[in-house]
Amino acid sequence: MPNKLIIGTRGSALALWQAEHIKKRLLLEHGVESELKIIKTKGDKILDVPLAKIGGKGLFTKELEEMLLEGSIDIAVHSLKDVPVELESGLELAAITKRASFEDCFLSMRYAGIDDLPQNARVGTTSLRRSMQLKLLRRDLDTLSLRGNVQTRLQKLKDGAFDAIILAKAALERLEIDTKHITYIKPLTFMIPAMGQGALGIECASKNVNVVRYAQQLQDQESAICCSAEREFIRVLDGGCQVPIGVHARKESTQLVLEAILGLPDGSASIHSTLMCVLDSNPEIALISAKNLGLHLAQKFITNGAKELLEQAYKMI
């Protein structure tokens, strides 16, 4: 193993915060030094097209994964929601970090919440998942693509391009963004988040055994269990973060509760369901139970027409 690990990251302020966070943890907790290497991904280069229309999986991970395989970097730090559920051969998701806030947030200069928005209000969001859930409440809302970094999106709101925007709460908290000039900020407790939202995924090349071992020490067991259930649900449905699917697992005492929603982008049809299971105190057994829960909920969705609904959704993108 090299004296100093090379951490691959995207160059946005949020991605750099995430990579610096892992860099500090490696040093403080394990005495391992590292340096950052910034890589531009396909999702970073194409900013004038909605993510769902770019197509393909791994929009924000592919280039980083290629560099892991060729040995140019030792570790890749991702927002877990961007990490494909099926990894390239030779790669592994070595750790899932402790989850931060998983909620989505409503932000507006003039309106206190969704119900207060005027007819046909312009709502900015990068996500078909968010758009779908908004339209289930308000079919009249005009949900528009909102690309760019967090600061750019906030500026567009301040400039009046949108009546409201939807952002991940974790992004606002991690970047410690000054939001005192935003009149209304409200967590959307009804909205089911994206798979893995709020957690980080640490990816390594499997052959680098020592690197994998260090990365594994960054794992948070409860977050890994919850996110594994979510990832298995998405894997079975063959979905991804660019399609209108929300899924969230939470631990309640000894039970794991998994809730999911899938629908058409315009909110005209949807499937929403919840399953739960009892978790064993042994983390390895609990992880197996979590994945089985994700599998069973996905099968329930498929029985209720999820595959057909997803096929329709892809045609509408």
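Author: A strand here is a DSSP run of E, at least two residues long, and strands are numbered from the N terminus. This model is predicted. In the model, Met-276 sits in strand 13, residues 270–278.

Reader: Why is Met-276 called partly exposed?

Author: Its relative accessibility is 47%. Buried means under 20%, exposed means over 50%, and partly exposed is in between. Met-276 therefore counts as partly exposed.

Reader: Which residues does Met-276 touch, not counting residues up to four places away in sequence?

Author: They are Gln-255, Leu-256, Val-257 and Leu-293. Arg-25 is 251 residues from Met-276 along the chain, and their C-alpha atoms are separated by 33 Å.

Reader: Where is Val-257 placed?

Author: Val-257 is in strand 12, residues 255–263.

Reader: What makes Val-257 count as buried?

Author: The relative accessibility of Val-257 is 1%. The cut-off for buried is under 20%. Val-257 therefore counts as buried.

Reader: Which residues touch Val-257, leaving out those up to four places away in sequence?

Author: His-248, Ala-249, Arg-250, Glu-252, Thr-274, Leu-275 and Met-276 do. Val-257 and Arg-99 lie 158 residues apart in sequence, with 16 Å between their C-alpha atoms.

Reader: Which residues of helix 9 and helix 10 meet?

Author: From helix 9, they include Ala-224, Ile-225, Ser-228, Glu-232 and Phe-233. From helix 10, they include Ala-286, Leu-287, Lys-291, Gly-294 and Phe-301.

Reader: How many residues of each class does the contact of helix 9 with helix 10 have?

Author: It has 15 nonpolar, three polar and two charged residues.

Reader: Which residues are buried in helix 4?

Author: Helix 4 spans residues 62–70, and its buried residues are Glu-63, Leu-64, Glu-65, Met-67 and Leu-68.

Reader: What follows helix 4?

Author: Gly-71 does, and its phi is positive, near 85 degrees.

Key
Residues are numbered from 1 along each chain as its sequence is written. This is a predicted model: local features need pLDDT of at least 70, side-chain atom pairs count only at pLDDT 80 or more; totals for chains, interfaces and linings use all residues. Side-chain values use heavy atoms; hydrogens and water are left out. Contact means heavy atoms within 4.5 Å. Helices (H or I, at least four residues) and strands (E, at least two) are DSSP runs, numbered from the N terminus. Ala, Val, Leu, Ile, Met, Phe, Trp, Tyr, Cys and Pro count as nonpolar, Asp, Glu, Lys and Arg as charged, and the others, Gly among them, as polar. Buried means under 20% relative accessible area, exposed over 50%, partly exposed in between (1.4 Å probe, protein chains only).
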